[in-house]
Amino acid sequence: MSDIDWGQGTYETTAADLLPAARELVDAAQLKPGEHVVDVGAGTGNVALLAADLGARVTAVEPAARLREVIQETAGARDLTVVDGTAASIPLRDGSADVILSNFAVIFAPDPAAAIAELSRVAAPTSRILLTSWLPGVMGKLVGVIVGAVREVTGQNPAAGRIDWHDPAALTTLLAPHGYQVTATTLELEVVTPSAESYWDTRIANHPLGVTTFPILEQAGRLDDVRARFLQTLDDNWTDTTGQVRLPAQYLLATATR
């Protein structure tokens, strides 16, 4: 996942699904006007735009060039700066951020310890860091169907140094050496789509994950099988009401303060 160019395809659809979680994240941060907020892995700017609308001075950090353009086009007159960077390489000076936010983004950092060290470097002495991460459940199962098949085809092993970002104890282990105390709460996000097939077509096939992996799976003759298993996983986890598929997914919202 860390090798994906998130500017490929149409991440905008997924960003719209994640907007409620972005609102929860920004609300939990209890931002004050004028605070410098850094949104790490900003995507299309959900969190950055919400924070700027509350009067914060925002820096959106995003490695994908196309998504940086999307944020800049949407920002308008907001006090929002967009920069090229990753969780482990943020082009800001030491101690310059009052608040650091990351909505389902820093969890894809290939080196979690390096990412947290960088966030801590940029954070002011009295700063707070808030992030969201998926709990084990349907989202992990769905991604696992695709990523697992790609690993089988390519012979790749899971990345070394992975952590359970959804585990408050694991987050404490990462953040405590930098002076942070971690609190967390579990929330739920619901994705609504007309059908399982529609979810595959609109959320997966044009998602950066699909754009990156489908050619690999198709060349190996595995794409049809992966699609069938993906749709079956959806069938096993959704609720169908009034002709719509409602996919509930739990996530952790963690707050680190020092």
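Student: How many salt bridges does the structure hold?
Tutor: The structure holds 11 salt bridges, a salt bridge being a side-chain nitrogen of Lys or Arg within 4 Å of a carboxyl oxygen of Asp or Glu. This is a predicted model, where local features need pLDDT of at least 70 and side-chain atom pairs count only at pLDDT 80 or more, while totals for chains, interfaces and linings use all residues. Residues are numbered from 1 along each chain as its sequence is written, and side-chain values use heavy atoms, with hydrogens and water left out.

Student: Which residue forms a salt bridge with Arg121?
Tutor: Arg121 is bridged to Glu118, and the closest N and O atoms are 2.9 Å apart. The two residues are three apart in helix α4 (residues 112–122), so about one helical turn separates them; helices here are DSSP runs of H or I with at least four residues, strands are runs of E with at least two, and both are numbered from the N terminus.

Student: Is Glu118 buried or exposed?
Tutor: Glu118 counts as buried at 12% relative accessibility, whereas Arg121 is partly exposed with a relative accessible area of 26%. Buried means under 20% relative accessible area, exposed means over 50%, and partly exposed is in between, with a 1.4 Å probe and protein chains only.

Student: What about Glu190, which side chain does it meet in a salt bridge?
Tutor: The side chain of Glu190 meets that of Arg246, at 3.1 Å from N to O. This pair links distant parts of the chain, since Glu190 is in strand β6 (residues 181–193) and Arg246 is in strand β8 (residues 244–257), 56 residues apart. Glu190 is partly exposed at 40%, and Arg246 also counts as partly exposed, at 23% relative accessibility.

Student: Which residues are linked in a network of salt bridges?
Tutor: The network links Glu152, Arg222, Asp225 and Arg229. Within this group, the side chains of Asp225 and Arg222 meet in a salt bridge of 3.9 Å, N to O. Asp225 has a relative accessible area of 35% and is partly exposed, and Arg222 counts as partly exposed at 21%.

Student: Switching to rings, how many aromatic pairs are there?
Tutor: The count comes to eight aromatic pairs, where rings of Phe, Tyr and Trp (its six-membered ring) pair if their centres lie within 6.5 Å, and planes under 30 degrees apart count as stacked, over 60 as edge-to-face and the rest as tilted. One of them joins Trp6 and Tyr11, whose ring centres are 5.8 Å apart and whose planes lie at 80°, so the pair is edge-to-face. Trp6 and Tyr11 are both buried.

Student: And why is the pair of Tyr199 and Phe230 stacked?
Tutor: The planes of Tyr199 and Phe230 are at 25° and their ring centres are 6.2 Å apart, so this pair is stacked. Tyr199 lies in helix α7 and Phe230 in helix α9, so the pair ties together parts that are 31 residues apart in sequence. Tyr199 counts as buried at 6% relative accessibility, and Phe230 is buried with a relative accessible area of 0%.

Student: Which residues do the ring pairs link into a cluster?
Tutor: The cluster is made of Tyr199, Trp200, Phe214 and Phe230, joined by ring pairs.

Student: Last one, where is Ala113?
Tutor: Ala113 is in helix α4 and is partly exposed, with a relative accessible area of 46%. Its C-alpha atom is separated by 26 Å from that of Leu142, which is 29 residues apart from Ala113 along the chain.
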